[in-house]
Amino acid sequence: NLVKLTADCIFCKIIRGQIPSFKLVETELTYSFLDIGPLSKGHSLIIPKYCGVKLADIPDEFLADAMPVAKKIAIATGAQDYNILQNNGEIAHQVVKHVHFHVIPKPEASDKQG
Ligand code: 5GP
């Protein structure tokens with residue numbers, strides 16, 4: 001079992017259900033939910049069930065699980081265009097010290113199409 005959570009991390013608490021969240025997709029290795037401060041409708045976060053600050057701290061299995069989930073979530077939002085974002089480290093604007101991938105739909109871009 002690769003899963004490793006810690007006691008005081010807010011994202012570990014979300015995975016455990018100790019902090020409520022709007023869950024999207026849960027797999028053996030990742031958990032995803034709506035961002036509490038969305039930059040656009042459907043802004044979501046995907047987190048590994050492994051508490052590490054940066055990508056280099058996380059086993060590759062978790063990272064491999066995250067991208068197919070990102071694709072599913074992005075498709076479900078209906079947005080044609082979106083950003084996948086991972087702020088890796090404080091200088092890169094990471095606030096929560098548990099690796100997370102943002103899925104940020106760009107509805108204006110998709111609305112202009114077609
Ligand atoms: P960062 O800047 O670390 O890449 O982004 C952290 C993200 O986590 C922010 O977009 C913020 O809104 C989100 N966030 C922080 N705390 C919570 C929380 O308790 N619940 C949810 N759903 N999102 C959170």
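1. Helix 2 ends at Gly78, a residue that follows the helix and has a positive phi, near 85°. Helices here are DSSP runs of H or I with at least four residues, strands are E runs of at least two, and both are numbered from the N terminus.

2. Some ground rules. The model is predicted; local features need pLDDT of at least 70, side-chain atom pairs count only at pLDDT 80 or more, and totals for chains, interfaces and linings use all residues. Residue numbers start from 1 along each chain as its sequence is written.

3. Overall architecture: the protein chain has three helices and five strands. Their order along the sequence is α-β-β-β-α-β-β-α. The C-alpha atoms fill a box of roughly 45 × 30 × 25 Å along the principal axes.

4. Burial and contacts come next. Of the 114 residues, 27% count as buried. Buried means 20 or more other C-beta atoms within 10 Å of a residue's own; exposed means 12 or fewer; partly exposed lies in between, with C-beta atoms placed from the backbone. Among contacts between residues at least 6 apart in sequence, 59% join residues at least 24 apart. A contact requires C-beta atoms, placed from the backbone, within 7 Å of each other.

5. Back to helix 2, residues 60-77. Its 18 residues should span 26 Å at 1.5 Å a residue, and the end C-alpha atoms are 27 Å apart, which agrees. The expected span is 1.5 Å times one less than the number of residues.

6. Which residues of helix 2 are buried? They are Phe62, Ala66, Val69, Ile73, Ala74 and Thr77. These residues lie on the same side of helix 2, because they cover an arc of only 140° around the axis. The arc is that of the directions from the helix axis to the C-beta atoms. An α-helix has 3.6 residues a turn, so residues three or four places apart point the same way. The buried residues of helix 2 pack against strand 1 (23-26), strand 2 (30-34), strand 3 (44-48), strand 4 and strand 5 (101-105). Exposed Asp60, Ala64 and Ile75 sit on the face turned away from the buried side.

7. Ile84 belongs to strand 4, residues 82-85. Ile84 is partly exposed, because 15 other C-beta atoms lie within 10 Å. Not counting residues up to four places away in sequence, Ile84 touches Ala70, Phe101, His102 and Val103.

8. The loop between strand 4 and strand 5 holds His93 and Val95. His93 is not a glycine, yet has a positive phi of about 75°. His93 is exposed, with 9 other C-beta atoms within 10 Å. Val95 is also exposed, with 7 C-beta neighbours inside 10 Å. Val95 and Ile84 are eleven residues apart along the chain, and their C-alpha atoms are separated by 17 Å.

9. Finally, the ligand. Of the 14 residues around the ligand, Ile36, Gly37, Asn87, Val95 and Val96 come nearest. A residue counts as near if its C-beta atom, placed from the backbone, lies within 6 Å. The shell has eight nonpolar, five polar and one charged residues. Ala, Val, Leu, Ile, Met, Phe, Trp, Tyr, Cys and Pro count as nonpolar, Asp, Glu, Lys and Arg as charged, and the others, Gly among them, as polar.

Key
Two residues are in contact if their C-beta atoms, placed from the backbone, lie within 7 Å.
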